[in-house]
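Thanks for passing this one along. Here are a few notes to read with the structure open beside you.

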Amino acid sequence: FAAQRHVLTYMEDAVSQLLENREDISQYGIARFFTEYFNSVRQGTHILFREFSFVQATPHNRASFLRTFWRCFRTVGKNGGKYSSICCYLLTAQEYHCLLQLLCPDFPMELTQKAARIVLMDDAMDCLMSFSDFLFAFQIQFYYSEFLESVAAIYQDLLAGKNPNTVIVPTSSSGQHRQRQPPNDCNPLEGVEASLFYQCLESLCDRSKYSCPPSALVKEMLSSAQRMTFYGFLMALAKDQGINRALGALPDKGDLFLDPAMDQELEKLVAQVSGLSVSGPASSSADTANVPVRNSPRINSPWKPLHHRRKMDAESEGSNEETDSSEN
């Protein structure tokens, strides 16, 4: 159970955070730190602003990152924008990558480009994409990245007339992703025999130690076609709601822009902000002083992402230098 749930990964990360932030944590206590750390793991907020190597370290981390990305930026697809007349913003791969980096500063551009290629196929990579198209393609590429690397190798072998008896399973989990050469899918009549393709994928899923889509759903998908191209397969994975439900990170496409819990929290924040500014510009300074101050609840976490702490320390040192120079 411990290995399946990657308990050791979280214990090692918790201890590392404890040692790095021991001065701050001493104010709260070790017991409270571990309680809040594992509560954040359970809630899926533990991946916020963390390094990519940690974000992609476990299936739970990947699902949590996907869910967080959807909840934070679903309004990109919900609200109307200057690029679209169908009530949704259309963004480029580079712009989606900027959004990903708001949550994970060192998120690799290569993964974003691979996800965009699923949507755009052979189109230019600077073309615009809807949020829903990118999100479901990104989910497949990010969550099943090792599986897709092996699928690409199998597909190339089948195209070359080889029978891939040896399943290639990536062994590196360091976050370094190999450059995948896009198979030639220009002609929709090209591709490989779907039944043979599935046999190879079934063997891959049985032997892979990484996350794979459910074999039954893959079989159902490939059984409806005689031949299948690589990017046709990836697009089918991205659009399959059965695979989306099995993964469990995102809602169905019809519910993609519905999040009642988040909407309720946003409404509370808007009400607080509007309440604070009711008497702002039109009131005198005396009247403003009489406006009751609303103390919004804040939950202080006993630990911070490491790069944020280093950034705060650097800023603190810089401010001290300016103070010293001004005194001189």
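1. A salt bridge here is a side-chain nitrogen of Lys or Arg within 4 Å of a carboxyl oxygen of Asp or Glu. Please keep in mind that this is a predicted model. By that rule, the count comes to eight salt bridges.

2. One of them pairs E36 with R32, with the closest N and O atoms 2.8 Å apart. Both residues lie in helix 3 (residues 30-43), four residues apart, or about one turn of the helix. R32 counts as partly exposed, at 39% relative accessibility.

3. E146 and R62 also form a salt bridge, again with the closest N and O atoms 2.8 Å apart. This pair links distant parts of the chain, since E146 is in helix 10 (residues 145-159) and R62 is in helix 5 (residues 59-73), 84 residues apart. E146 is buried at 8% relative accessibility, and R62 is buried too, at 7%.

4. Do have a look at D13 in helix 1 (residues 7-20). D13 is buried, with a relative accessible area of 9%, and its side chain makes a polar contact with the side chain of R50 at 2.7 Å. Salt bridges that share partners join D13, R50 and E51 into one network.

5. Now for the nonpolar side. The largest nonpolar core has 74 residues, of which F65, F147, F197 and F233 touch the most other members. Helix 9 (residues 131-143) gives the most to this core, with nine residues. Domain 1 (1-43) and domain 2 (44-164 + 190-260) both contribute residues, so the core lies between them.

6. Leaving aside neighbours within four places in sequence, the contacts of F233 include F147, F197 and M228.

Definitions and conventions: Residues numbered from 1 in each chain as written. Predicted model: local features only at pLDDT ≥ 70, side-chain atom pairs only at ≥ 80, totals over all residues. Heavy atoms only, no water. Core = buried A, V, L, I, M, F, W, Y, C linked by side-chain atoms within 4.5 Å. Buried < 20%, exposed > 50% of the residue type's maximum accessible area, 1.4 Å probe, protein only. Helix = DSSP H or I, 4+ residues; strand = E, 2+ residues; numbered from the N terminus. Domains from an automatic or database assignment. Contact = heavy atoms within 4.5 Å. Polar contact = N/O pair within 3.5 Å; in protein donor to acceptor, adjacent residues only side chain to side chain.
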